[in-house]
Amino acid sequence: MTQLEEPIRKMSCYKCGFQNATAATLCPQCQHRMQTTSSIRIRGGILVVCGGLLVPFMGYLAVWMTAAFRDHDGLHASFKGTQEQMLMIIALIGMLILFGVMAFVTGSYFLIFGRRNKWFVRSVACIGSGLFLIGIYFLWTSP
């Protein structure tokens, strides 16, 4: 092998699912960009770390917020908003926890199998879109 030749690595196409050990950058079936298993595993590791940090942090925040919602006498913070605002905050925290869990599961799949799964990717995108819409709602309805 000369220096100009690229090493042959296992690559996969997200669009059509084609997998093969090839040096080509485009899928021979659908002409979509091929990705190496190592690049997918790196993305999976990033997702595992982000999801692994997001879930416990948001879980701790949820526990702390429930104490503020109960309005204990010795508590320095208490919630003074409406019932609807409280439910929206709980929904937002729940969606963030769900997003973190799905990111962790998706990243784990990427790490284990070295390929992407359309169902996982679409689920995380839908949850992320829901979080975005909830954020827009909060910005729109806040005084």
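**Fold and helix packing in a predicted model**

Along the sequence, the protein runs β-β-β-α-α-α. That makes three helices and three strands. Helices (H or I, at least four residues) and strands (E, at least two) are DSSP runs, numbered from the N terminus. This is a predicted model: local features need pLDDT of at least 70, side-chain atom pairs count only at pLDDT 80 or more, and totals for chains, interfaces and linings use all residues. Residues are numbered from 1 along each chain as its sequence is written, and side-chain values use heavy atoms, with hydrogens and water left out.

**Whole protein**

- Of the 143 residues, 24% count as buried. Buried means under 20% relative accessible area, exposed over 50%, and partly exposed in between (1.4 Å probe, protein chains only).
- The accessible surface of the protein is about 9700 Å². Carbon and sulfur atoms hold 67% of that surface. Areas come from the Shrake-Rupley method with a 1.4 Å probe; for residues, only the protein chains shown count as cover.
- Among contacts in the protein with a separation of 6 or more, 51% link residues 24 or more positions apart. Contact means heavy atoms within 4.5 Å.

**Helices α2 and α3**

- Two packed helices are described by the angle between their axes and the distance between the axes.
- Helix α2 covers residues 83-113, and helix α3 covers residues 118-141. Their axes come within 9 Å and cross at roughly 155°. Axes are lines fitted to C-alpha atoms, for helices over the stretch in contact; angles run from 0 to 180 degrees between N-to-C directions.
- α2 and α3 are therefore roughly antiparallel to each other. The cut-offs are under 35 degrees for roughly parallel, over 145 for roughly antiparallel, 65 to 115 for roughly perpendicular, and oblique for the rest.
- The crossing of α2 past α3 is left-handed. In that case the near helix is turned anticlockwise from the far one by less than a right angle; clockwise is right-handed.
- The residues of this contact divide into 21 nonpolar, four polar and one charged. Ala, Val, Leu, Ile, Met, Phe, Trp, Tyr, Cys and Pro count as nonpolar; Asp, Glu, Lys and Arg as charged; the others, Gly among them, as polar.

- Met-95 lies in helix α2. Its relative accessibility is 21%, so Met-95 counts as partly exposed.
- Beyond its neighbours within four places in sequence, Met-95 is in contact with Ile-127, Gly-130, Leu-131 and Ile-134. Met-95 and Ile-134 are 39 residues apart in sequence, and 9.4 Å apart in space, C-alpha to C-alpha.
- Lys-118 lies in helix α3. Lys-118 is partly exposed, at 32% relative accessible area.
- Lys-118 and Thr-106 are twelve residues apart in sequence and 10.0 Å apart in space, C-alpha to C-alpha.
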